[in-house]
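Welcome! Please take a moment to look over the sequence and the 3D view, and then we can walk through them together.

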Amino acid sequence: MASVPSISQLAEGIQSSDRASIGRAITLVESYRPDHRALSQELLTQLLPFAGNAHRVGITGVPGVGKSTFIENLGTKLVEDDHKVAVLAVDPSSSRTGGSILGDKTRMATLVNHPAAFIRPSPTSGELGGVNRMTRETMLICEAAGFDVILVETVGVGQSETVVADMVDFFLVLMLHGAGDELQGIKKGILELADMVAINKADGENAQKAAVAAKEYEMALHLMTPTSDLWTAPVVTCAGLTGEGISELWAKIMSHKNIFSEAGATTVKREEQRVRWMWAMLDDRLVDALRSHERVRELLPILEAQVRTEQTTPVAAVDHLISTFLEN
């Protein structure tokens with residue numbers, strides 16, 4: 001039976017781009033076991049000096065926009081241009097069963113077989129904190145392994161978009177022409193995060209419709225506050241299936257990277273992201289500690305019942321729980 005590698009051996013394997021070591025390390029950071037969590041932090045501490053050199057791009061879009069096809073085409077172009085590309089697909093687990101589809105590898109059949117690409121779907125276990133911790137730490141592992149472009153695909157629309165936008169250097173929003181007025185509220189929330197909007201599936205007879213949609217989104221973006229004084233989010237058209245417009249789209253992403261790097265804005269942005277990450281993790285850990293406290297666990301059903309029947313107020317119940325937690 002093969003021996004389990006030490007943390008130092010695992011770190012060395014990651015730095016040499018060993019796929020088995022990368023996979024084993026990601027499995028470690030995805031674990032909720034306290035001993036695994038401690039080991040993963042030891043590993044990440046060793047890897048930190050070798051991480052941070054990739055360009056991090058978040059990609060989201062409305063359901064049916066063709067994210068996976070777009071990412072495969074973009075990723076294939078990048079590896080053909082001698083980049084090493086890691087795709088981290090945030091895959092929501094079922095809130096009822098805890099199961100996860102994890103189908104991105106089958107949807108990116110060409111890219112997954114390229115030696116310079118790495119695709120890892122990450123189940124969120126239905127919690128945004130899972131996205132925050134697991135995806136960020138997986139990103140660090142991939143960077144230490146030498147991947148210079150990290151593409152983070154989000155699940156579609158919702159709160160996870162905000163979480164992912166706060167861990168990347170560039171946030172790309174894919175849209176469709178004629179998506180319908182019922183999505184306007186969702187679109188606005190996503191557009192406020194966008195560093196670029198791309199109207200996908202803009203090929204063939206859809207090209208003209210996509211061009212019209214692009215003009216509409218340009219007008220909408222003019223009414224919103226830019227994500228930075230250094231950059232005004234452009235609107236482009238592309239076709240993930242055929243590759244039309246992909247090169248031009250990536251050129252704009254590189255322009256954003258150069259502008260922000262020269263201004264020192266990327267460094268500042270990442271520093272702020274790390275601090276917000278620390279506070280988010282502190283919130284998660286404190287809640288975990290509170291819920292696992294023996295006396296608090298005993299009190300919770302009693303206080304919940306009292307809140308339901310208005311025997312006490314929610315604020316008084318929270319004060320009671322916190323004071324009980326702080327007694328020890």
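Rings of Phe, Tyr and Trp (its six-membered ring) form an aromatic pair if their centres lie within 6.5 Å; planes under 30 degrees apart count as stacked, over 60 as edge-to-face and the rest as tilted. What you see is a predicted model, in which local features need pLDDT of at least 70 and side-chain atom pairs count only at pLDDT 80 or more, while totals for chains, interfaces and linings use all residues. Residues are numbered from 1 along each chain as its sequence is written, and side-chain values use heavy atoms, with hydrogens and water left out.

How many aromatic pairs does a search of the whole structure find? There are two. One of them is formed by Phe118 and Phe147, a tilted pair with 6.0 Å from centre to centre and 40 degrees between the planes. Phe118 belongs to strand 3 (residues 117-123) and Phe147 to the loop between helix 7 and strand 4 (149-153), so this pair ties together parts that are 29 residues apart in sequence. Helices (H or I, at least four residues) and strands (E, at least two) are DSSP runs, numbered from the N terminus. Phe118 counts as buried because its relative accessibility is 9%, and Phe147 counts as buried at 2%. Here buried means under 20% relative accessible area, exposed means over 50%, and partly exposed is in between (1.4 Å probe, protein chains only).

The other pair is edge-to-face, because the rings of Phe170 and Trp231 have their planes at 75 degrees, with centres 6.5 Å apart. Phe170 lies in strand 5 (residues 170-175) and Trp231 in the loop between helix 10 (207-222) and strand 7 (235-237), so the pair ties together parts that are 61 residues apart in sequence. Phe170 is buried, with a relative accessible area of 0%, and Trp231 also counts as buried, at 10%.

Let us return to Phe147 for a moment. Lys84 lies over the face of this ring, at 4.7 Å from the ring centre. A charge sits over a ring if NZ of Lys or CZ of Arg is within 6 Å of the ring centre and within 35 degrees of the ring normal.

Now for the charged pairs. A salt bridge is a side-chain nitrogen of Lys or Arg within 4 Å of a carboxyl oxygen of Asp or Glu, and by this rule the count comes to eight. One of the salt bridges joins Arg120 and Glu30, whose closest N and O atoms are 3.3 Å apart. This pair links distant parts of the chain, with Arg120 in strand 3 and Glu30 in helix 2 (residues 19-30), 90 residues apart. Both partners, Arg120 and Glu30, are buried.

Glu143 and Arg56 also meet through their side chains in a salt bridge, at 2.7 Å from N to O. Glu143 sits in helix 7 and Arg56 in strand 1 (residues 55-61), so parts that are 87 residues apart in sequence are tied together. Glu143 and Arg56 are buried too.

Next comes Asp166, which forms a salt bridge with Arg276, the closest N and O atoms being 2.6 Å apart. Asp166 is in the loop between helix 8 (159-165) and strand 5, and Arg276 is in helix 12, so the pair ties together parts that are 110 residues apart in sequence. Arg276 is partly exposed because its relative accessible area is 40%. Salt bridges that share partners join Arg136, Asp166 and Arg276 into one network.

Met139 lies in helix 7 (residues 128-144) and counts as buried at 3% relative accessibility. Leaving out residues up to four places away in sequence, Met139 touches Arg56, Leu88, Ile150 and Met167; contact means heavy atoms within 4.5 Å. His55 lies in strand 1 and is buried, with a relative accessible area of 5%. Which residues does His55 touch, not counting residues up to four places away in sequence? Among them are Asp148, Phe170, Trp250, Ile253 and Arg270. The C-alpha atoms of His55 and Ile253 are separated by 9.7 Å, although the two residues are 198 residues apart along the chain.
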